[in-house]
Amino acid sequence: MKSVLVIGASRGIGLAVVKRALGGGHSLRAFARSAARIDIDDPRLERVEGDARSPEDLGRALTGTDAVVLSLGVPPGAGFIIGPVDLFSSATRALLPAMRETGVRRLIAVTGFGAGDSRAAIPLLQRLPFQLVFGRAYADKTVQEQLIRDSGLDWTLVRPGVLTNGRATRRYSVLSEPATWRNGIVSRADVADFIVAQLDSRDFVHRAPVVIG
Ligand SMILES: NC(=O)c1ccc[n+]([C@@H]2O[C@H](COP(=O)([O-])OP(=O)(O)OC[C@H]3O[C@@H](n4cnc5c(N)ncnc54)[C@H](OP(=O)(O)O)[C@@H]3O)[C@@H](O)[C@H]2O)c1
């Protein structure tokens, strides 16, 4: 059983990872600015309030953990309506040295279909709308992916398709080969299931699969 730091644990995939990992017997440190609001009663859950862009907050949260799940998100419309996005890259720039200093090597980071080299798999007609709505966020996710690839850590990049709040089906597809990459719909619970399975596996170390339902 592992002691896992989940960054971005108050909502979405991060919260789903917390629930799934507790079910799998792991101990969790749940990190977010609003971590205190996480409504789960379990002695193996520790809530840590902090900002993912703060090396000090991250250093404290990392101590004594075996692995990190990074699942940050920005509000809908970020980059499109409310200015540039640098959360993904700035938090990653703070996290990687803190992981090296504390000796934590395993990093599983959620980015998305369309980040990094998976951008080439977006169908031609969808590229312009994707760029308009998600362009700035995904440009920053691409920077984040490259920082992680260059980190020397045992990383996995997880690139979900379009997310839903549906239940876990455990019948999702994990597409590792670029020729198979395509967009699709997947529940946050299924993405969390894949992430938690990676805590005990090296199958996807240094890989960047697309995950769809
Ligand atoms: N929506 C989609 O269809 C889709 C598709 C593919 C990929 N994705 C990606 O999947 C990821 C997860 O998305 P989601 O919708 O499941 O989650 P989400 O609701 O966007 O949750 C984001 C998490 O990040 C935390 N966070 C944001 N800024 C922070 C900061 N400065 N310091 C610490 N924590 C911070 C939030 O907590 P606090 O606010 O409490 O700090 C929250 O726990 C995102 O990267 C998203 O872009 C989404």
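A crossing of two helices is left-handed if the near helix is turned anticlockwise from the far one by less than a right angle, and right-handed if clockwise. In this sense the crossing of α3 and α4 is right-handed. The structure is a predicted model, in which local features need pLDDT of at least 70 and side-chain atom pairs count only at pLDDT 80 or more, while totals for chains, interfaces and linings use all residues. Residue numbers start from 1 along each chain as its sequence is written.

**Sheet**

Helices (H or I, at least four residues) and strands (E, at least two) are DSSP runs, numbered from the N terminus. Eight strands form an open sheet in the order β3-β2-β1-β4-β5-β6-β10-β8, and their pairing is mixed. Its edge strands, β3 (45-49) and β8 (173-175), each pair on one side only. On average, neighbouring strands of this sheet are turned by 20 degrees against each other, direction ignored. Strands count as paired if DSSP finds at least two bridges between them. Strand β1 (residues 3-7) runs parallel to strand β4 (residues 67-70), with which β1 pairs over four bridges. In this pair, L5 stands opposite V68 in β4.

**Helix pairs**

Axes are lines fitted to C-alpha atoms, for helices over the stretch in contact, and angles run from 0 to 180 degrees between N-to-C directions.

| Helix pair | Axes come within | Crossing angle |
|---|---|---|
| α1 (residues 12-23) and α5 (residues 188-198) | 8 Å | roughly 55 degrees |
| α2 (residues 55-62) and α3 (residues 87-102) | 9 Å | roughly 40 degrees |
| α3 and α4 (residues 124-149) | 8 Å | roughly 20 degrees |

Angles under 35 degrees count as roughly parallel, over 145 as roughly antiparallel, 65 to 115 as roughly perpendicular and the rest as oblique. The angle between α3 and α4 therefore makes α3 roughly parallel to α4. For contacts, two residues qualify if their C-beta atoms, placed from the backbone, lie within 7 Å. By this criterion F88, S89, T92, R93 and L96 in α3 meet D140, K141, V143, Q144, L147 and I148 in α4. As to residue classes, Ala, Val, Leu, Ile, Met, Phe, Trp, Tyr, Cys and Pro count as nonpolar, Asp, Glu, Lys and Arg as charged, and the others, Gly among them, as polar. The contact of α3 with α4 accordingly has five nonpolar, three polar and three charged residues.

Helix α1 is oblique to α5, and α1 passes α5 in a right-handed crossing. On the α1 side the contact is made by G12, I13, A16, V17, R20 and A21, and on the α5 side by R188, A189, V191, A192, D193, I195 and V196. Nine nonpolar, one polar and three charged residues make up this contact of α1 with α5.

Helix α2 is likewise oblique to α3, and α2 passes α3 in a right-handed crossing. Here P55, L58, G59 and L62 in α2 meet A94, L95, A98, M99, E101 and T102 in α3. The contact of α2 with α3 divides into seven nonpolar, two polar and one charged residue.

**Ligand shell**

A residue is near a molecule if its C-beta atom, placed from the backbone, lies within 6 Å of it. There are 23 residues around the ligand, of which G8, G12, R33, G73 and G112 come nearest. Both α1 and β7 (162-164) supply at least two residues of the shell, and the largest share, three residues, comes from α1. By class, the shell has ten nonpolar, eight polar and five charged residues.
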